Amino acid sequence: MKRLFIIFFLNILVQAVVVAQDVAQIAKQKPFALSGSLGIGLGTYNVKGIPARQRDFNYIFNGAPTLSLYGVSFPFSIVVSDQQRSYTQPFNQYGISPTYKWITVHAGWRSLEFSPFTLAGHNFLGGGIELNPGKLRLGFIYGRFNKAIEEDLNQPLALSQQPAYKRTGYSAKIGLGTERNHVDVIFLNAKDDPNSLTQPITSGILNPSENMVLGISSKFSFLKRFVFDMDVAGSIYTRNVLSDTVKNLKLDKVDFIKDLVTLNSSTQLLTAGQTSISYNATNYNIKLKYRRVDPDYKSMGAYYFETDVQNYTIETMVRLMKGRMQIGGSFGLQNDNVLKDKAIRSNRKIGSLNISYNKPSYGIDLRYTNFGITQDRGLNPIIDQFRVARTNHNLSSSLRYNINNELVSHGFILIGNLQSLVDLNSFTRPNSQSDSKMLNFSYQFGLPKKYFGASANVSYTTAEMSAGRSVFYGPTLGINQALAKGKLGLGASASYQWQKNNGQNVGNIFNANFNSTYQFSRRNAANFALIYLKSNAEDMVMPSFNELRSNLGLVHSF
């Protein structure tokens, strides 16, 4: 049944492509055009005092050429790097997505999103097509989602690549509407090949899996200012296709599901969904959101989900004084244990408030966030001594003032941040409560007509925890100059930072870098950077060391 579905869907897409060809229009297009860029980067690394944190020499070649044939674009992406030597899954990836009018074809390594809970950005090696004639929305992809990786028993567990089965799959999208108003139905099916590994897995942590996901994604705009969107999905995930099959399983009217995905004792049916409704006026807007994801919800078309979570959120923004002042905020309630099967339920309150006032010569921004978490009983009561009840307060501010004219410019920026973690549990408070403060002042000086700029910065940070009090402070200086009518750019900066723990000197860090760029011609440029880091430690736990890095890059545009 899977093969019949794929053949049927591909037949629809091929017929649509044939109908779409307009020979008269193609003939009017430019026969051939090539544009894009090619670049090469070379780097060196030297270190004394600690083990090397990267190779002594590295290189990378990247390109983004776009070929156009009679109006059909063929964008390519190429990356070749020495990192290929250390990655079993492909690091060097090549892909193309040519587009002509409402037809897009994908080939090679691609990453697409049909909806947040189905196919959502997972890289695959294969092909696909997207068609959007009028209000019809069609899409189909097929490819390899994972490469088989053999278990390496000769490498330490911390350094070896995780073994993996070869995984292939496909996803289809059928929808109607436009970007502003549409309904899409998305289907995804992927499966591991148990025979893709030549050696059996000895660790017992890997089993071949299979997944089928069905989702709906929609968006509607109505009454001019209202927008409603919704994404829901159900995922049937079989963790081990080799597990004992459930005998005599009857699904009545949906018995055909057994032909699409393996069902056995390791199979789970989980759901995920989110929806929102917003009202957008000229000077204000408001949005209500809801999100719920079952515990351990998975889709083989996505890398990661925050699971076992339920969110209620309200967001708003108001613009005043002809847009110079903006006031925005949000408040949300979040909890886990959505299936009510855990011993304890955690509740979170998340709030934020932003106020900004900006004019060309000065401005101020204030932001406050509050994150609180408490625990309630689930299946079991909570012992007060171990109850989590904390609130994290964060207040940040930014003030700027500029003095600009044709000959000289001055810029002053003051940034401050206060962060406090308040533990409401008297039993755990002595070991968990913390406070931090940060103040940063910077001055920027410029001579626009001479293409010269300089900057000075000083920062001071304190952190107080149960282990003691740490202080970090130091200055940073920088200059930049453009020469040869802007073709040559030079820049340098240096910073020095001291650290004290409980009033005792721990050490200091000196960092310096030099960078330059040169535009040989309209299409060719080069850049060079030299970075030096020296750490002087007075604590026996942290060794002293110095590092020197260099990077050279060449870019050709065409």
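Visitor: Let's start with serine 535: is it buried or exposed?
Guide: Serine 535 is buried, since its relative accessible area is 11% and the cut-off for buried is under 20%. One thing to keep in mind: this is a predicted model.

Visitor: Noted. Which strand does serine 535 lie in, and what is it in contact with?
Guide: Serine 535 belongs to strand β28, residues 524-537. Leaving aside neighbours within four places in sequence, its contacts are Asn508, Ile509, Pro543, Ser544 and Phe545.

Visitor: And serine 346, buried or exposed?
Guide: Serine 346 counts as buried, at 9% relative accessibility. You'll find it in strand β19, residues 344-358. Beyond its neighbours within four places in sequence, serine 346 meets Gln334, Asn335 and Asp336, and also Ile373, Thr374 and Gln375.

Visitor: Switching topic: how many residues are in the largest nonpolar core?
Guide: That core has 22 residues, and the ones with the most contacts inside it are Phe117, Leu119, Ile141, Val293 and Tyr297.

Visitor: Which of them gives the largest share?
Guide: β12 does, with three residues.

Visitor: What does isoleucine 141 touch?
Guide: Not counting residues up to four places away in sequence, isoleucine 141 touches Leu112, Phe114, Leu119, Phe124 and Tyr170, along with Gly127, Gly128, Gly169 and Ser171. Tyr170 turns up again in a second, separate core of ten residues, which also includes Phe140, Ile236 and Ile257.

Visitor: Okay, strand pairing. In which sense do β14 and β15 pair?
Guide: They pair in the antiparallel sense, over 13 bridges. As an example to click on, aspartate 229 stands opposite serine 276 in β15.

Visitor: What about β15 and β16?
Guide: β15 also pairs in the antiparallel sense with strand β16, residues 284-293, over nine bridges. These two strands form a hairpin with three residues between them. Here tyrosine 279 has isoleucine 286 in β16 as its bridge partner.

Visitor: Where do the side chains point along a strand, as a rule?
Guide: In a regular strand they alternate between the two faces of the sheet.

Visitor: Now asparagine 370. Where does it lie?
Guide: Asparagine 370 is in strand β20, residues 362-377. With a relative accessible area of 21%, it is partly exposed, because buried would need under 20%.

Visitor: Which side chains make polar contacts with it?
Guide: There's a polar contact of 3.0 Å between the side chains of asparagine 370 and tyrosine 368, and one of 3.3 Å to the side chain of histidine 393. Asparagine 370 and histidine 393 are 23 residues apart along the chain, yet their C-alpha atoms are separated by 4.8 Å. Asparagine 370 also touches other residues, among them Lys349, Ile350, Gly351, Thr391 and Asn392.

Visitor: How many aromatic pairs are there in the whole structure?
Guide: A search finds 18. One of them joins phenylalanine 412 and tyrosine 443: a tilted pair, 5.1 Å centre to centre with 40° between the planes.

Visitor: Which residues do ring pairs link into a cluster?
Guide: Ring pairs link Tyr460, Tyr473, Tyr496, Trp498, Phe510 and Tyr532.

Visitor: And what lies over the face of tyrosine 237?
Guide: Lysine 298 does, at 5.7 Å from the ring centre.

Visitor: Last topic, backbone: what is phi of tyrosine 451 near?
Guide: Phi of tyrosine 451 is near 55°, a positive value in a residue other than glycine. Tyrosine 451 sits in the loop between β23 (434-447) and β24 (452-465), and at 51% relative accessibility it counts as exposed. Asparagine 502 is another non-glycine residue with a positive phi, about 55°, and its loop runs between β26 (488-501) and β27 (504-519).

Conventions. Residues are numbered from 1 along each chain as its sequence is written. This is a predicted model: local features need pLDDT of at least 70, side-chain atom pairs count only at pLDDT 80 or more; totals for chains, interfaces and linings use all residues. Side-chain values use heavy atoms; hydrogens and water are left out. A nonpolar core is a set of buried Ala, Val, Leu, Ile, Met, Phe, Trp, Tyr and Cys residues joined through side-chain atoms within 4.5 Å. Buried means under 20% relative accessible area, exposed over 50%, partly exposed in between (1.4 Å probe, protein chains only). Helices (H or I, at least four residues) and strands (E, at least two) are DSSP runs, numbered from the N terminus. Contact means heavy atoms within 4.5 Å. A polar contact is a pair of N or O atoms within 3.5 Å; within protein, one must be able to donate a hydrogen and the other to accept it, and residues adjacent in sequence count only if both atoms are side-chain atoms. Two strands pair if DSSP finds at least two bridges between them. Rings of Phe, Tyr and Trp (its six-membered ring) pair if their centres lie within 6.5 Å; planes under 30 degrees apart count as stacked, over 60 as edge-to-face and the rest as tilted. A charge sits over a ring if NZ of Lys or CZ of Arg is within 6 Å of the ring centre and within 35 degrees of the ring normal.
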